[in-house]
Amino acid sequence: MPGKIRQYFRDRKDDVRNSAGGSGVIGKLILALLVVYLLVSVVLGMYWSSEPDAFSVREHTRSVASSMGREPVTGFATTVTMIRIAETLLEKPGGYISNDIFPPGVWLDNMPSWEFGVLVQLRDLSRAMRRDIARSQSQSAEDPDLTIAEPQFNFDSGSWAIPSTEAEYRRGIAALKRYLNRLSSPEQSRAQFYARADNLANWLADLETRIGSLSRTLGESVGKASVSDAVANMDMDNPLQEEARGIDVKTPWTQIDDVLYEARGSSWALLHIFRAIEVDFRKVLQDKNAMSSVKQVIIELEGAQGPMWSPVVLNGSGFGVLANHSLTMAAYLSRASAAISDMRDLLSRG
């Protein structure tokens, strides 16, 4: 009897060992798969984080016009550039990342910030197209396709399903393509593009505030005194009294790279938009002697698209040993903003 009991426990012990050995193999297999998945995600994340290259607006305009068998009428370059910018958002490496819920997209933050910068400029231009550029006067009817495109690009940028952001943006792209087809068709004259000084100036006014806000936020990477606090603490009755400087406002270190890449996305989109404006608004720019201002904006935006050689965004102090990428970007955008201000002034003159 004792021998049978001992044999029983030996059998149970062997069963436990066999079970542990089998689960150990499964555990090692799962661990190996997890490591491979993480390595693939890291490599994909690095590839997806690469910014799209700039493209030639003139060559792209000629190519699209040739494929459609149309003449590149006024407004053609701007519209095809908007379409190309929107398609780049969806078709670049990794596709549209801002609404990803799985790795590696969910781990990335620089590229979603870049996408948001591009999207803001696309939204502003589509609103200007619907509100001003495609209408002859305030009482004119809005273009039916632009009334679809503008709200589609303003759809929630983070929706991943029912409906997805990509599906809504593609509807906006389809509406722009219909507008382009009507604009360039000799048989259909209902679509219009009014390349006037006032239309361009209205869009530039909105753009100037956008760039000013970005420049300010970039500059706050090293901390700046709050203007509102400094003004509020001034003693108006005694101008010789030293006023309080105000509380320093500084961008949190966790958001510095996000702000920088949003600015890079905005400047990437604006670089192509201004190249298109240089084509479609050429006559009015020459009449107002504003062509040099457009060239200056393009030069500054090209500088803002310089390659990032550092693997991380550096945030050295203003005159410190290390570089400060945010201040470098702010300098380019500030000069672009100054050229835009000159453009608005020239366009407003009779």
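What share of the contacts in the protein chain with a separation of 6 or more comes from residues 24 or more positions apart? I looked this up and found 75%, where a contact means heavy atoms within 4.5 Å.

**Model.** I noted that this is a predicted model, in which local features need pLDDT of at least 70, side-chain atom pairs count only at pLDDT 80 or more, and totals for chains, interfaces and linings use all residues. Residues are numbered from 1 along each chain as its sequence is written, and side-chain values use heavy atoms, with hydrogens and water left out.

**Confidence.** I read the pLDDT, the predictor's confidence in each residue from 0 to 100. The protein chain averages 86, and 85% of the residues score at least 70.

**Elements.** I recorded 12 helices and two strands in the protein chain. Helices (H or I, at least four residues) and strands (E, at least two) are DSSP runs, numbered from the N terminus. Their order from the N terminus is α-α-α-α-α-α-α-β-α-β-α-α-α-α.

**Burial.** I found that 42% of the 350 residues are buried, that is, under 20% relative accessible area (1.4 Å probe, protein chains only).

**Asn199.** I located Asn199 in helix α7 (residues 197-219). Why does Asn199 count as buried? Asn199 does so because its relative accessibility is 3%. Leaving aside neighbours within four places in sequence, I found Asn199 in contact with Asp132, Ile133, Arg135 and Tyr194.

Definitions and conventions: Buried < 20%, exposed > 50% of the residue type's maximum accessible area, 1.4 Å probe, protein only.
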